[in-house]
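Please look at the sequence and the model together before reading on. The paragraphs below are meant to be read with both in view.

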Amino acid sequence: MFIFQKVADLQAFLHAARAEKKSIGFVPTMGALHAGHLDLVQKAKSACDIAVVSIFVNPTQFNDRKDLEVYPRTPEQDVAALISAGCDALLMPPVDEIYPPGIDLTVQLDFGPLDKVMEGVFRPGHFKGMATVVKRLLDIVEPDQLLMGQKDFQQLSIVRDMLRQLDSPIRLVMCTTVREPDGLAMSSRNTRLSPEMRRVSPVIYQVLREAKTAFQEESAHKIEARAMQKLAASGLQPEYFELVDGITLQAVENWQDAAFVVACTAAFAGTVRLIDNIVIKGSE
Ligand code: AMP
């Protein structure tokens with residue numbers, strides 16, 4: 001595996017690969033890699049000739065400074081894990097390689113309602129920062145395929161819309177959420193959970209699954225209220241639990257309202273903010 005810190009060096013490597021007609025699969029990450037990330041890397045490698053990964057803790061997508069400061073960083077383990085997963089090239093750039101001083105690369109696209117609901121309400125500015133870094137990384141890597149996790153469903157919906165607006169030829173591949181045996185969605189932030197919060201957190205997945213079972217019979221309103229209560233009763237501090245149309249991210253109320261419905265939630269487990277979702281009706 002080649003490790004690059006300079007954008008120009010990665011681009012020279014990719015230029016040579018493209019000259020040999022090699023296809024490129026790209027997995028952007030913020031590091032502290034777990035089996036969910038590595039699954040994306042393996043999928044990139046099996047779908048394309050070259051798997052490229054970036055590790056960049058993007059300061060502009062952290063609306064909370066403290067969250068950025070305590071975000072886990074494990075570069076040595078990440079490098080070893082990526083070698084085992086079959087990654088060909090890793091970009092680990094300093095901030096000024098991604099954001100060259102004096103150049104404003106902020107994405108100014110209008111995502112309509114997509115970035116105004118759920119995470120958009122609780123993390124102002126987050127999606128602008130996310131879209132900006134993803135666009136910058138795509139401009140650098142120019143992959144054939146971009147692999148992202150369903151775990152960040154709203155993020156994926158916004159990236160899909162960005163690619164559509166840019167008329168990009170890049171194929172976006174959504175990969176299913178990898179979970180711990182007790183159902184907790186793998187996340188870099190899980191390492192920061194206290195033992196007590198780690199014990200409690202699988203309730204998030206339980207409540208999502210209960211919503212799926214209940215939705216054929218009950219209104220979204222009722223399900224959401226019960227889910228919020230159950231999350232709070234277990235010791236978490238839920239921010240939202242919403243059943244949304246999987247394309248528009250707008251709230252749905254009844255089973256017949258949409259063909260593709262996703263239940264999405266965010267909750268604090270102590271000081272650690274966790275998000276999760278499951279498809280509860282249909283598929284993309
Ligand atoms: P992050 O490092 O958290 O920014 O995530 C990088 C990529 O990995 C994103 O596309 C995430 O959606 C994806 N990802 C994170 N956690 C998981 C998981 N548990 N299963 C599958 N993909 C994941």
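What follows describes a sheet, the helices on it and one further helix.

This is a predicted model, in which local features need pLDDT of at least 70, side-chain atom pairs count only at pLDDT 80 or more, and totals for chains, interfaces and linings use all residues. Residues are numbered from 1 along each chain as its sequence is written, and side-chain values use heavy atoms, with hydrogens and water left out.

Three strands make an open sheet with antiparallel pairing, in the order β7-β8-β9. Because β7 (237–245) and β9 (272–281) each have a single partner strand, they stand at the edges, and one side of each is left without a neighbour in the sheet. From one strand to the next, the twist averages 15°. Strands are DSSP runs of E with at least two residues, helices are runs of H or I with at least four, and both are numbered from the N terminus; two strands pair if DSSP finds at least two bridges between them.

Eight bridges join β7 to β8 (residues 261–269) in the antiparallel sense. Pro238 has Ala267 in β8 as its bridge partner.

Helix α10 (residues 203–214) packs on the sheet and touches β7, β8 and β9, its direction making about 25° with that of β9. Helix α11 (residues 220–233) also packs on the sheet, touching β7 and β8, and its direction makes about 155° with that of β7. Contact means heavy atoms within 4.5 Å; angles run from 0 to 180 degrees between N-to-C directions, with axes fitted to C-alpha atoms, for helices over the stretch in contact.

Helix α7 (residues 126–141) is largely enclosed by the rest of the structure, because 13 of its 16 residues are buried (under 20% relative accessible area, with a 1.4 Å probe and protein chains only). After α7 comes Glu142, with a positive phi near 45°.

Terms used:
Buried means under 20% relative accessible area, exposed over 50%, partly exposed in between (1.4 Å probe, protein chains only).
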